[in-house]
Amino acid sequence: MAIFYMDANIIGRSSGRSAVGASAYRRSEKMHSIAHAAYQRGEKIIAEGEYVVHDYSRKGGVVHSEILLPEGAPPEFMDAQALWNAVENKETYKNARLAREIVVALPIELSLQEQIEVLREYLMENFVSKGVGVDFSIHNNGDGNPHSHIMITTRFITSEGLGKKNRDLDRKSELLVWRKSWADVNNRMFERKGLEERIDHRSYKERGIDREPQVHMGHKATALERKGIKTEKGDHNRAVQKRNNEREKREKAEKESVTADGASNGVDETKRQLQSAKSVLIEEDLRLKRAEKTEKLSATPTPENDDESNAPKERLEVSKKLQTTRDNEKPLKDELIRTELWKLIEDQRIVRYKENLQKQEENRIARKNLKELERYFISEKASQHAEKLQATHAMRKEIKKTTQYLNDILESYSELDNDKTALSQELKALKREPSLDMRTKELDITLKTLEITATTKTMRLIELEYKKEKLLAQTRFNKQQLDKLLTTTRKPPINPHEKQRYEQNYRQLNTITEDNFQKILEILPQKEAQAIQYAKKMQEQQQINQILNALRERHVSADRELYARKREYFKSEEEIPRLSFRIERIEEQAESYEKLQRNAEQLQAKRRKTSLWAVKKKKELALKIEEALRNLRVAQHRFKIEYDVEPSESQAEIKRIHEEINAKKRNIELNTTKISKLSKIMDNTETEYQKHLLLIELRPDKAEIHKLIKSSKPPPKGIREKIFYDKAESRLNTITNETLPKILEKLTPEQAKRITEKREQAQTKEMEKIAKERVQNRTIERSR
């Protein structure tokens, strides 16, 4: 009979478990991996880097093992050893959660292939589709309890390997979804096979069944019960089963009594006849027993015995009558049961039919409402989109017009600049001309100078107009979009000399100094001047915010790299003594092995030199040689298990370890240099950040800037990132008396003076506040 059973738990280091050992136990193959995977797969697995062997290869009952991975996963993860060793290496915390384990009972009505199909469909639908890997094994010892052990990675699997943790699977609601999905998948398979069996993930209470649930026995308690040893769980389940049976009997009796009330009088009459026949049969049995006793006491037959000899015939008649009564009663009972069952079935069908009609009506109304909502939203979106397109089209026209006007101003400015250059050259040539009359020459020079002055004034006016129009355009349009259009729509001349002058003019017009800004504000009306001032203030705030965000990101990035370098540095420092100790151990073990080898060789040589007639001595030497060779084999085996090399390869292993130590030392030197550079970068970043913080305090809009900085901080991704960002915030926003002189050196004397005065005023206020609080405390103490 198919049953529903599911147990889910976490495989973690806090409970002393390993992901690879579980997989090996459940697969029951020979391979090299880690502890929990080994236990699950039933395999022999060595944990990489731990030199620990988990051997479950003799465990039987594992009939199938398989790994399911999402699309794009590395192909090497199809090997359980590679997958679970990667999991172990990825998790660095001592209490890390390595994998999620689920145990499900498999229906005995399904074949092995069908059980595999059910598991694949269930796992692909609920886990692999969500980006995690699954390793499952089917256990069947032939005891009628086929089940599957499923291990699920806690991290996403991408093309690059193991990614971040999948937190969606940690929700409690997911377990209810998994339980329901497991029941649905099995029931679909039963339906395809045409079986009537069904399983339900709900409890008795949720299904409205008046039954007391039993507890799960577990493999240990089940094994003890099979051996005839009673357990607490077994006693509890037996008591529960007894109470459930009594409850079923009571319900059955109540149902039969209800059925009997509506039955015909013929059934009652048959029951009475049956009861009377039973009483007659009992009386006849007693009479026959008495007659047998009398026959044993008397040797000769008596008239009484002759009368008794007719009893078997009477008993046979009574038996026939009883059987006839039973035969008459059974069809009546069967007919009543069928009638009651048919009524129940019909009632259930009517209820289901009504429910289906109600659901169909509700679905029809919901679909109708949904279509109306869709039409409404589509019309609303269409109108909004049309309005947005119209506004965008008008904005594009306006920005295109403004851009064209600014480019025309740029062309006029360039033409005037060319004219000014030509006039300057003519003036220089005129001054060098010796043949002209002095009076005429002075007059021409004066005229040329006046023309150059007039052109310069016109250029200044045009420059001011260009800058004014650009500032106004920036208040109405996006600054980046405007600059991009100005850059792409202008057409500089082909001549290289004129092109260079054109680029200089463009830079001149787009550079707005403080002097230009004040003149433009004087020219413009009050509303436009306020709009430009507001736009400039917002632009400055955005620039300050961008600078501070960039400095914060640089600090966090350097701190993250510094943390990784320090970990690598300390790891290398810790590994060097371990590797040196390993070299010493290998040398000692190799020397001991060589001594044992020389001893065996000496004994063998001594036995060869011994005379053939010294039989006793030869036997003694043979025993010693056998013991020496046994010790040699044991030493060789231990050496290989401990160091994973043969004793003859010890020198090569020592050389390899020396190279590894040298590599670690070079890594330490490299990390030391890198750590020093990163520390300097972090110090410079802190100084620059704190300099901008002090300059913000001098601005009148400092509250708005601080609010903008706070709102624009990106949320950290994960707990580790949050730690880095919190650490950066703490260091960047703390200005100490040691760092203040370094910051003041980078400021102008006026800014440094204002900041110093402001800090002194703040300190004075703080001291006054503290003194005031002390006086208040003393007053309170005196009053007490």
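In the predicted model described here, E465 forms a salt bridge with K468, the closest N and O atoms being 3.2 Å apart, where a salt bridge is a side-chain nitrogen of Lys or Arg within 4 Å of a carboxyl oxygen of Asp or Glu. Both residues lie in helix α12, 3 residues apart, which is about one turn of the helix; helices (H or I, at least four residues) and strands (E, at least two) are DSSP runs numbered from the N terminus. E465 is partly exposed at 23% relative accessibility, whereas K468, at 15%, counts as buried, given that buried means under 20% relative accessible area, exposed over 50%, and partly exposed in between (1.4 Å probe, protein chains only). Residues are numbered from 1 along each chain as its sequence is written. Because the model is predicted, local features need pLDDT of at least 70 and side-chain atom pairs count only at pLDDT 80 or more, while totals for chains, interfaces and linings use all residues, and side-chain values use heavy atoms, with hydrogens and water left out.

The structure holds 34 salt bridges. One of these joins the side chains of E174 and K130 at 3.0 Å, N to O; E174 lies in helix α5 (residues 172-193) and K130 in the loop between α4 (112-126) and β6 (134-139), so the pair ties together parts that are 44 residues apart in sequence. In this pair E174 is buried, with 10% relative accessibility, and K130 is partly exposed, with a relative accessible area of 31%. A further salt bridge, at 3.4 Å from N to O, is made by the side chains of D168 and R171, of which D168 is partly exposed at 40% and R171 is likewise partly exposed at 43%.

Helix α12 (residues 438-476) also contains L450, which is exposed at 54% relative accessibility. Together with L443 and L447, L450 forms a nonpolar patch on the surface with about 310 Å² of accessible area, such areas coming from the Shrake-Rupley method with a 1.4 Å probe, in which, for residues, only the protein chains shown count as cover. Patches are made of residues with over 30% relative accessible area and no salt bridge, like charges being joined within 9 Å and nonpolar side chains (Val, Leu, Ile, Met, Phe, Trp, Tyr) within 5 Å.

Overall, the secondary structure of the protein comprises 22 helices and 9 strands, and 32% of its 784 residues count as buried.
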